[in-house]
Amino acid sequence: MLHANDVKQLVELKKENSQIKHKTILLEQKNIELIEEIENIKQENQFEIEKLNNLISENNIEILELKKHNEILHARFAENIQEEHEKGRNIANNMLLFLTDNNNNNN
């Protein structure tokens, strides 16, 4: 037969066990909420990553377009320099001819 102390201890243990079960259920529910929150954050992050990747792609396209435009401008600049060089050479040649003719006419 159980003594009064034993019964009292059993009642206390059952009470404690019931509290532990209740806390366990609350913690399990909290874990489920946290897992859902993590999944939501993962989805949001994935969306942000996709947005950033799209921006990177758009920037890369713009960079390529700017590089092409820069090459075109560089080629035009080189042509302009060559044309100006030719003009300068023609002016110098004309001056030489003028001075030579002028010198020949004076002699």
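Me: Why is Glu39 called partly exposed?

Reply: Glu39 has a relative accessibility of 37%, and the classes are buried for under 20% relative accessible area, exposed for over 50% and partly exposed in between (1.4 Å probe, protein chains only), so Glu39 counts as partly exposed. The model is a predicted one, in which local features need pLDDT of at least 70 and side-chain atom pairs count only at pLDDT 80 or more, while totals for chains, interfaces and linings use all residues. Residues are numbered from 1 along each chain as its sequence is written, and side-chain values use heavy atoms, with hydrogens and water left out.

Me: What makes Leu52 count as exposed?

Reply: Leu52 has 52% relative accessibility, and therefore counts as exposed. Its place is in helix 1, residues 4-106, where a helix is a DSSP run of H or I with at least four residues, a strand is a run of E with at least two, and both are numbered from the N terminus.

Me: How do you know that Lys42 and Glu39 form a salt bridge?

Reply: The term requires a side-chain nitrogen of Lys or Arg within 4 Å of a carboxyl oxygen of Asp or Glu, and the side chains of Lys42 and Glu39 meet at 3.6 Å, N to O. The two residues are three apart in helix 1, which means that about one helical turn separates them.

Me: Which residue forms a salt bridge with Glu48, and why are the two about one helical turn apart?

Reply: Glu48 pairs with Lys51, the closest N and O atoms being 3.5 Å apart, and because these residues are three apart in helix 1, about one helical turn lies between them. Glu48, with a relative accessible area of 38%, is partly exposed, and Lys51 is partly exposed at 40%.

Me: What makes the contact of Glu86 and Arg89 a salt bridge?

Reply: The side chains of Glu86 and Arg89 meet at 3.2 Å, N to O, in a salt bridge. Glu86 is partly exposed with a relative accessible area of 34%, as is Arg89 with 40%. A search of the whole structure finds four salt bridges.

Me: How does the radius of gyration of the protein chain stand against that of a compact globule?

Reply: The protein chain has 45 Å, whereas a compact globule of 107 residues would have a value near 13 Å; the radius is taken over C-alpha atoms, and the globule rule is 2.2 Å times the number of residues to the power 0.38. The C-alpha trace spans about 150 × 20 × 10 Å along its principal axes, and buried residues make up 0% of the 107 residues.
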